[in-house]
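User: I would like to learn how to read salt bridges in a structural model. Please begin with the general idea and then turn to the case shown here.

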Amino acid sequence: MTRTIKPLVAGNWKMNGLKADLAIAAAVAKGADAPLRQAVDLAICPPATLLFTLTASLIGSRIATGGQDCSAHASGAYTGEVSAQMLVDAGATYVIVGHSERRTLHGESNAQVKAKAEAALAEGLTPIVCVGETKDEREAGKALAVVKKQLRGSVPDGATAASLVVAYEPVWAIGTGLTPTPADVAEMHEAIRAELGPILGKATAAGVRLLYGGSVKPGNAAELMNVANVDGALVGGASLKAEDFLAIARACA
Ligand code: PEP
């Protein structure tokens, strides 16, 4: 497959990882040879507690890091929150916003996700804006409508192709071992790119990286990553094993 957009494979460690797990990042850096790094951008999004140390440990590897969430606020009395500026200060390049676990478990609305993405952009961070339908919504034939609505509500104003990533993550595929068919992924990613046109302008929309996420594993990565308009992966569980993460990245190269 000839790619016009350099793919990104980002690992979401979620609430996993202690200092000892810096070894996973070290193994990724060791295994990511020059041709792979030239073909695919790699990023690891560890828990906030590890971000500074992990980023420092990757200096020279050209592997980027990211946060898993950020506050919509710049600073102040928001106990427990981490600002976009703090993520930048810790060395992050990316931040995941609107992950379905945040939308579901923390009740985040599209407007809140958009505000977080805009806070990220204001600090020079690239937001990875997550969208995706539930199982019930897919079974009711509403997947496209749900995701389009999420995009209209969550995509930040003023993003460029280089400063925004969108991840399609069907909620029912996250951590379940289930994945949509390549045809379903193709249909959704085509619709997402089309929907970004009126929001960002057609030229910008054409260059935004669209990641697929949800139970990506070494065994299914090649099939999913070779779908049109899939420009990489957001990887949860498999990103905690260096070899699996690298195998997925190689499937994008
Ligand atoms: C995720 O949480 O973003 C994710 C894609 O998880 P998993 O790969 O484990 O399904």
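User: With which residue does Lys-14 form a salt bridge?

Analyst: Side chains of opposite charge can pair when their charged atoms come close. A salt bridge is counted when a side-chain nitrogen of Lys or Arg is within 4 Å of a carboxyl oxygen of Asp or Glu. Lys-14 pairs with Glu-101, their closest N and O atoms being 2.8 Å apart. Lys-14 lies in the loop between β1 (8-12) and α1 (22-31) and Glu-101 in helix α5 (residues 100-105), so this pair ties together parts that are 87 residues apart in sequence. Helices (H or I, at least four residues) and strands (E, at least two) are DSSP runs, numbered from the N terminus.

The model is predicted: local features need pLDDT of at least 70 and side-chain atom pairs pLDDT 80 or more, whereas totals for chains, interfaces and linings use all residues. Residues are numbered from 1 along each chain as its sequence is written, and side-chain values use heavy atoms, without hydrogens and water.

User: Is Lys-116 buried or exposed, and which residue is its salt-bridge partner?

Analyst: Buried means under 20% relative accessible area, exposed over 50%, and partly exposed in between (1.4 Å probe, protein chains only). Lys-116 is buried, at 7%. Its partner is Glu-108, with closest N and O atoms 2.7 Å apart; Glu-108 is also buried, at 9%. Salt bridges that share partners join Asp-69, Arg-102, Glu-108 and Lys-116 into one network.

User: How far apart are the closest N and O atoms of Arg-102 and Asp-69?

Analyst: They are 3.5 Å apart. Arg-102 is partly exposed, at 22%, whereas Asp-69 is buried, at 18%.
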